[in-house]
Amino acid sequence: MAELVVAAAAQAPAGGWGAAAPQELLERLKDYGQEGAFALWDELAPEERDFLVRDIQSLDLARIDRIVRCSLRSQGAPVPVVEPVPESSVATVDDRTAEDKERWWRRGLKAIAEGKLAVVLLAGGQGTRLGSSDPKGCFSIGLPSGKSLFQLQAERILCVQKLAARSNDGNTVQIHWYIMTSPFTDEATRKFFESHRYFGLEPDQVTFFQQGTLPCVSPDGRFIMETPYKVARAPDGNGGVYAALKSKKLLDNMAARGVKYVDCYGVDNALVRVADPTFLGYFIDKGVSAAAKVVRKAYPQEKVGVFVQRSRGGPLSVVEYSEMDAAMTTEINQTTGRLRYCWSNVCLHMFSLDFLNQVTNSLERDSVYHLADKKIPSIHGYTTGLKLEQFIFDVFNYSPSTALFEVVREEEFAPVKNANGAPYDTPDSARLMVLRLHSRWVVTAGGFLTHSVPLYMTGVEVSPLCSYSGENLEAICRGRTFHAPSEISF
């Protein structure tokens, strides 16, 4: 493809393309059945022809053709037989002892102090459903501090660094933060971090990188043209993180830093425990390739994907809610009285760096993407077409060993997906979850609360710079009274 780009560029005359389309590029498009991209060439102005040529040159046609063919061919394939996740694969809250938690915490902090953990944030989405065109991480859920999701997460990293340094004789600890943006959020995200001085982090410990995009196609695999001189494209899904890490040599960058483990999560969770030492310690203890935090489904019809086992003895993977029939969503384990398929995927993952290096090659080789029916902007108005996406959880199909780590929903999962007024996953619901959790921390630490509205409607916010998960608050809170709503900080 590189030779094609050079050759086509070399053919471009100083004044732009004339009446004839560049023959070599047109023949290349014909090889893949995409010559329709040049259908309106004769009607284009010279600058539009130049734009179209550059747009097509930027596409890896061979790779895209492979992805489109493999993905279309996978439609209608038999769904693999699945079974519930074996109990032995899940570390449940009930089975966890205080000794387990202390051991995992210390082991995780030790690995962090040794520079073995990197954090990857999936932040390519805009806050469109929240009523904002800004990157979702810029959004404030209305906490007393007014902090954005980005700031809350950055300060949790700062807190973990401080805790790890204390466990390492006070030596400086730095966790590298890799932030995946999209073409729609990249510039705004970078500017947001710069304008907020990286929220106290060192600028050189934050790396921004963009996920890829792929052409939108018709049901028969032809490119949809957004304009007569531009192919319609869409981001390649949050699972595009793997190809992006590989293509931008960031996996090599991690290895050069001495990283062994990678914490990966989505931006739209107000309670996410970024770089969680307990989860990392558990992951190291289990010696697996991949792990995920899970919560129990709140009710059978909850619209979340769940972990399953692909056939008896097969790998753990995720089945989307839309792929589950009514019988599967409501099936009860007669021994426990709970749902058989109950372990919800909440996009909180841990991987070994070795596994990520292996799986990126496997994903590229297999080239099967999820096909999403969408209304695509085109020269004919909005038209029905397909977006090609990979999901972050696709890699579990390739993992030789996966462990699940149950967490309490009220402590670690406050999704921010819908605008206020929706029935669930709103800024208001997430804010209340944060305030209620932090209020419990304060009372446990010996503090008292006063409030002018019912306590179930308010609470206090504990700055992540004070406490990561409720620890070390006695000196701040014992015997003191705090009026809700307010922020407790240094």
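I started at the hairpin: strand 12 and strand 13 form it with 5 residues between them, and Ser311 in the turn has a positive phi of about 60 degrees. I note that this is a predicted model. The two strands, with strand 12 covering residues 306-310, pair in the antiparallel sense over 4 bridges.

Next I asked which residues of strand 13 (residues 316-319) are buried on each side. Leu316 and Val318 are buried on one side, Ser317 and Val319 on the other, and both faces are covered.

Then confidence. The mean pLDDT of the protein is 93, and 96% of its residues reach 70 or more. Residues 1-10 are another matter, with pLDDT below 50; beyond near neighbours in sequence, I see 14 contacts for this stretch in the model. I read nothing further into that stretch.

I went looking for positive phi in residues other than glycine. Tyr198 has phi near 60 degrees. Tyr198 sits in the loop between helix 7 (186-195) and strand 5 (206-210). Buried or exposed, I wondered about Tyr198? Tyr198 is buried, because its relative accessible area is 14% and the cut-off for buried is under 20%.

Asp425 is not a glycine either, yet has a positive phi of about 55 degrees. I placed Asp425 in the loop between helix 13 (409-412) and helix 14 (427-444). Asp425 counts as partly exposed, at 23% relative accessibility.

I also checked for a cis peptide and have one to log: the bond from Ala484 to Pro485, with omega near 0 degrees. Pro485 lies in the loop between strand 20 (481-484) and strand 21 (486-488).

**Surface patch**

Val453, Tyr456 and Met457 make a nonpolar surface patch of about 320 Å². Met457 belongs to the loop between strand 18 (448-451) and strand 19 (460-462). With a relative accessible area of 47%, Met457 is partly exposed.

**Salt bridges**

I get 27 salt bridges in the structure. I picked a few to follow up.

Asp100 and Arg103 meet through their side chains at 3.3 Å, N to O. Why is this pair about one helical turn apart? Because Asp100 and Arg103 are 3 residues apart in helix 5 (residues 98-113). Asp100 counts as buried at 17% relative accessibility, while Arg103 is partly exposed at 38%.

Arg106 and Glu102 form another salt bridge, with the closest N and O atoms 2.5 Å apart. These two are 4 residues apart in helix 5, so about one helical turn separates them. Arg106 is exposed, with a relative accessible area of 56%, and Glu102 is partly exposed at 36%.

Last one: Asp276 forms a salt bridge with Lys293, the closest N and O atoms being 2.7 Å apart. This pair links distant parts of the chain, 17 residues apart: Asp276 is in the loop between strand 10 (261-266) and helix 10 (277-286), and Lys293 is in strand 11 (residues 290-296). I checked burial here too, and both Asp276 and Lys293 are buried.

Technical notes: Residues are numbered from 1 along each chain as its sequence is written. This is a predicted model: local features need pLDDT of at least 70, side-chain atom pairs count only at pLDDT 80 or more; totals for chains, interfaces and linings use all residues. Side-chain values use heavy atoms; hydrogens and water are left out. pLDDT is the predictor's confidence in each residue, from 0 to 100. Contact means heavy atoms within 4.5 Å. Buried means under 20% relative accessible area, exposed over 50%, partly exposed in between (1.4 Å probe, protein chains only). Two strands pair if DSSP finds at least two bridges between them. Patches are made of residues with over 30% relative accessible area and no salt bridge: like charges are joined within 9 Å, nonpolar side chains (Val, Leu, Ile, Met, Phe, Trp, Tyr) within 5 Å. Accessible areas come from the Shrake-Rupley method with a 1.4 Å probe; for residues, only the protein chains shown count as cover. A salt bridge is a side-chain nitrogen of Lys or Arg within 4 Å of a carboxyl oxygen of Asp or Glu.
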